[in-house]
Amino acid sequence: MDKYLFDKYFTEFENKNIIVDNYVRDKLGLKKINTFIRVDDLYIYCIPVELSLKKCKIILILNEKEISIFKDKKNKLRLHLKFDNEFLPSKEASFFLWIKYINAEKIMSLKNGWKVDFEINSISCIYHEVIIKYFLKQKTNMDIYHNKKSKLYKRSSFNELCLKEIASINNEKCLILKISLEKIYLLINKHSIVLNDLKDSIVTVKLFAKDTSFYINGSTKTINELNKIPGVSVAELEIEYSPYLFDLIAHS
């Protein structure tokens, strides 16, 4: 990436964050075993949960004495990352970033868990190029999303999408009638406890693709009995943007 484009995109994306969930980890090819912070001769494995061009947020398992090391050595920390993704010319790269300790927040639900904020002090062409290209990819995806979000796919199209007909809500199975990037229609037994779950403000639905499963969140818009099939109801849910579902549908 030439300097003009780099400066342009850095200015555009410098205040944006990437929330690192399993989807993002897969897309970036972020290798867990190669993700650690080095303090002098100490290597501490860690889990990035947010990445940006200038900052990062990382989960660490440390006792009180160990977290004090970060405060004492706050300008002498290096984060090691390894990427394997489409955004790199060579597809794979590993490198260190100089980082500066900012603050730490105790994670009460995780023993000795800390969520730590760092400032990135390195000027790394590899790191910045990966982050910028990821943002550009998501920007393109949003354009596609807005153009295709209303298109409904019936069950006859599911093989093409590599999507299975069965969905699950709290381990209760139901059948997908139609799906789009913004809606899903589910066929549910009238006596199923799933109907009670659908009354919640946010419903989590598990979907099954060819080689994996993933979750989408939605809210129930309507529940109607199906006249043609007694004892069965159709639930219409408005769903939040799902990158997993987007990948299945966007290029169909």
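**Cysteines, a buried threonine and the core**

Colleague: How many disulfides does this predicted model have?

Modeller: The count comes to zero disulfides, where a pair of cysteine sulfur atoms would have to lie within 2.5 Å.

Colleague: What makes you say that C46 is in no disulfide?

Modeller: The nearest cysteine sulfur to that of C46 belongs to C56 and is 8.3 Å away, whereas the cut-off is 2.5 Å, and therefore C46 is not counted as part of a disulfide. For C125 the nearest cysteine sulfur is again that of C56, at 18 Å, so by the cut-off of 2.5 Å C125 is in no disulfide either.

Colleague: How do you know whether T35 is buried or exposed?

Modeller: T35, in the loop between α2 (22-28) and β2 (36-39), has 2% relative accessibility, so with the limit for buried at under 20% it counts as buried. Leaving aside neighbours within four places in sequence, T35 is in contact with residues including Y45, C46 and H80, and a polar atom of its side chain lies 2.6 Å from the backbone oxygen of K31.

Colleague: Which residues touch the most other members of the largest nonpolar core?

Modeller: Of its 42 residues, these are I37, L60, F70, F83, F118 and Y127, while helix α4 (residues 125-148) gives the most to this core, with six residues.

How values were computed:
Residues numbered from 1 in each chain as written. Predicted model: local features only at pLDDT ≥ 70, side-chain atom pairs only at ≥ 80, totals over all residues. Heavy atoms only, no water. Helix = DSSP H or I, 4+ residues; strand = E, 2+ residues; numbered from the N terminus. Buried < 20%, exposed > 50% of the residue type's maximum accessible area, 1.4 Å probe, protein only. Polar contact = N/O pair within 3.5 Å; in protein donor to acceptor, adjacent residues only side chain to side chain. Contact = heavy atoms within 4.5 Å. Core = buried A, V, L, I, M, F, W, Y, C linked by side-chain atoms within 4.5 Å.
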